[in-house]
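User: I am new to this structure and would like to learn how to read it. Please take me through it feature by feature.

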Amino acid sequence: MEDIIEVQHLSKFFGENEILKDINFTVKKGEVVCIIGSSGSGKSTLLRCINLLEKPNGGKIIYHGKNILDNKHDVYEYRTKLGMVFQQFNLFNNYNVLENCTIGQIKVLNRSKEEAEEVAMKFLKVVGMDQYINAKPNQLSGGQKQRVAIARALSMEPDVLMFDEPTSALDPEMVGEVLSVMQDLAKSGLTMLVVTHEMGFASEVADRVVFMDKGVIAEEGSPEEIFNNPKEERTREFLRRIL
Amino acid sequence: MTWSWFFKIIEEYWPMFLRGAGVTLLISIIGTVIGAIIGLIIGTIRTIPPSDNGFKRFWLKIVNFILTVYVEVFRGTPMIVQSMVIYYGSLMLFNINMDKMFAGIFIVSINTGAYTAEIVRGGIISVDKGQFEAAHAIGMNHAKTMLYVVLPQVVRNILPAIGNEFVINIKDTSVLNVISVTELYYQTSSITGNVFRFFEPFLIASVIYLIMTLTVTRILRLIEKKMDGPENFNVIPGNQMQVARPDHVANKIGKRG
Ligand SMILES: Nc1ncnc2c1ncn2[C@@H]1O[C@H](COP(=O)(O)OP(=O)(O)OP(=O)(O)O)[C@@H](O)[C@H]1O
Ligand SMILES: [Mg+2]
């Protein structure tokens, strides 16, 4: 399988603190990679470095064979290829559901309004929010907001969809609806990079699980290996604490 | 008797009052709108994140410095003094004899601009960081992020403050009488010269000012309501076939809300 993103020796400092240390991993086409780890281990920072919301201090991010950290690269174009779903949804407050899913297509991808709406409706159907196109974000529940946020990201038709703890801000009864949408997407062959505390989801859906600890990748393997046969003591320790 | 004077003056001089009120409204409307646009532009420039490129960063610093000077100077001096300095200054130093009306609009605009620049900056800062990040994440650059995501929210949020500026402008255009702009205060003063009475003409003027400010406040409230859209949305019933034309559905349902 073709590599979509390859992270090499990535490092990131906030002031004096090295938050990411020599991170190496790849995401292949069609793969679902889950990143787990305790709070503060650098999971969000890693995702944010990958789509350049944070500027890495060292290393390479190879996207389709090119290092996007060399200055020649068009950051904005690159970002359209990576979808991002945030913990806090971050739907655009000034637009309704449909407009949230079309504004990027129209203003960034230069699609016509008609085409953008067609694409948006397709993905709003996928997440089951096509009946709510007139609603403003503040009129929706958390689970509904997150499903719209997923549709918004999908509407840009990215190569990879990244999720940063997409269910952590949700009431427990809404976690299921979002996870089931994500499960459907995984089955459809979408490439996904998911930071999550939902170990059930990770063990069921992931092709590969990455365990991060204090800014390094401590262990990486199939869900089977990580959850049933962790090699590292700190992985075992982490799993003991949260399961 | 005061009341008979009151009505007599209205009867005789209403066209002058009306013209004065018209000029006052015109200058304050145009001044507020232009000022708000100046404020939006300056507020946007002042919140551009520092660039990695040293050259760009240098220019941004200089521009920011100039804008800070502008804001501080116009907020820190009275408009009545600015009017004198600008009007007579342009005459003396540059030999420009400004049209009175133009001078009035110019002074009110740049004054309002200085105030709204700060209001806008505050408005931009108070927009959730997540809104910027979500916009960046779908590939918008700073300009697009501001234009399509942040500023619409800022405009909505600062509308009450802009309305406040508008009301202040309606009252403060009266200082333009020092450069003989024929706004309401100036006209009222002229009338006092004709009738040799002060109380009644200015009582009439204050009623007119009050009517203008109250009307403006009401209208702005309506605009705010309009911008917020309907309070409720309608769920579109299932198994709809017209997926290809969602805007039709959207329009139909939006109207009912
Ligand atoms: N902008 C910042 N400035 C300074 N330190 C930061 C910044 N953002 C994150 N950090 C620090 O970096 C470390 C990693 O943060 P990060 O948010 O990536 O962790 P995380 O694994 O996502 O944790 P969580 O599970 O709580 O979301 C933390 O110690 C955090 O305090
Ligand atoms: Mg995090």
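Analyst: Gladly. Keep in mind that this is a predicted model. We start where the chains meet: the count between chain B and chain A is 1 salt bridge.

User: Which residues form the salt bridge between A:Arg48 and its partner in chain B, and how far apart are the closest N and O atoms?

Analyst: The general idea is that side chains of opposite charge can pair when their charged atoms come close. Here A:Arg48 pairs with B:Glu133, with the closest N and O atoms 2.7 Å apart. A:Arg48 also forms a salt bridge with A:Glu54, at 3.1 Å between the closest N and O atoms. A:Arg48 and A:Glu54 are both buried. The pair that crosses between chains runs from A:Arg48 in helix H1 (residues 43-50) of chain A to B:Glu133 in helix H5 (residues 129-137) of chain B. Both A:Arg48 and B:Glu133 are buried.

User: How many residues does the contact take from chain B and from chain A? And what area is buried between them?

Analyst: The size of an interface is often given as the accessible area lost when the parts come together. Between chain B and chain A, about 3,000 Å² is buried, and carbon and sulfur atoms give 59% of that area. The contact takes 36 residues from chain B and 36 residues from chain A. In chain B, the residues that lose the most area to chain A are B:Ile138, B:Tyr148 and B:Phe233, together 21% of what that side buries.

User: Where do A:Lys113 and A:Glu117 lie?

Analyst: An α-helix has 3.6 residues a turn, so residues three or four places apart point the same way. A:Lys113 and A:Glu117 both lie in helix H4 (residues 113-126) of chain A, 4 residues apart, about one turn of the helix. Their side chains meet in a salt bridge, 3.5 Å from N to O. A:Lys113 counts as partly exposed because its relative accessibility is 45%. A:Glu117 has a relative accessible area of 7%, so A:Glu117 is buried.

User: Is A:Gln146 buried or exposed?

Analyst: Look at the relative accessible area, where under 20% means buried. A:Gln146 has 0%, so A:Gln146 is buried. This residue lies in helix H5 (residues 142-155) of chain A. Leaving out residues up to four places away in sequence, A:Gln146 touches A:Val85, A:Phe86, A:Gln87, A:Phe89, A:Pro166 and A:Val178.

User: What span should helix H2 of chain B have?

Analyst: Count 1.5 Å a residue. The 23 residues of helix H2 (residues 54-76) of chain B should therefore span 33 Å, and the end C-alpha atoms are 32 Å apart, which agrees.

User: Which residues of H2(B) are buried, and what do they pack against?

Analyst: The buried ones are B:Leu60, B:Asn64, B:Leu67, B:Tyr70, B:Val71 and B:Phe74. They pack against three helices of chain B: H1 (2-46), H3 (79-94) and H4 (100-125).

User: Which residues make the nonpolar surface patch?

Analyst: B:Phe55, B:Phe58, B:Trp59, B:Ile62, B:Val63, B:Phe65, B:Ile66, B:Val69 and B:Val73 make a patch of about 870 Å². Take B:Val63, which lies in helix H2 of chain B. B:Val63 has 31% relative accessibility, so B:Val63 counts as partly exposed.

How values were computed
Residues are numbered from 1 along each chain as its sequence is written. Chains are lettered from A and ligands numbered from 1 in the order in which they are written. This is a predicted model: local features need pLDDT of at least 70, side-chain atom pairs count only at pLDDT 80 or more; totals for chains, interfaces and linings use all residues. Side-chain values use heavy atoms; hydrogens and water are left out. Helices (H or I, at least four residues) and strands (E, at least two) are DSSP runs, numbered from the N terminus. The expected span of a helix is 1.5 Å times one less than its number of residues. Buried means under 20% relative accessible area, exposed over 50%, partly exposed in between (1.4 Å probe, protein chains only). Contact means heavy atoms within 4.5 Å. Patches are made of residues with over 30% relative accessible area and no salt bridge: like charges are joined within 9 Å, nonpolar side chains (Val, Leu, Ile, Met, Phe, Trp, Tyr) within 5 Å. Accessible areas come from the Shrake-Rupley method with a 1.4 Å probe; for residues, only the protein chains shown count as cover. A salt bridge is a side-chain nitrogen of Lys or Arg within 4 Å of a carboxyl oxygen of Asp or Glu. Buried area is the accessible area (1.4 Å probe) that two parts lose on being put together, summed over both.
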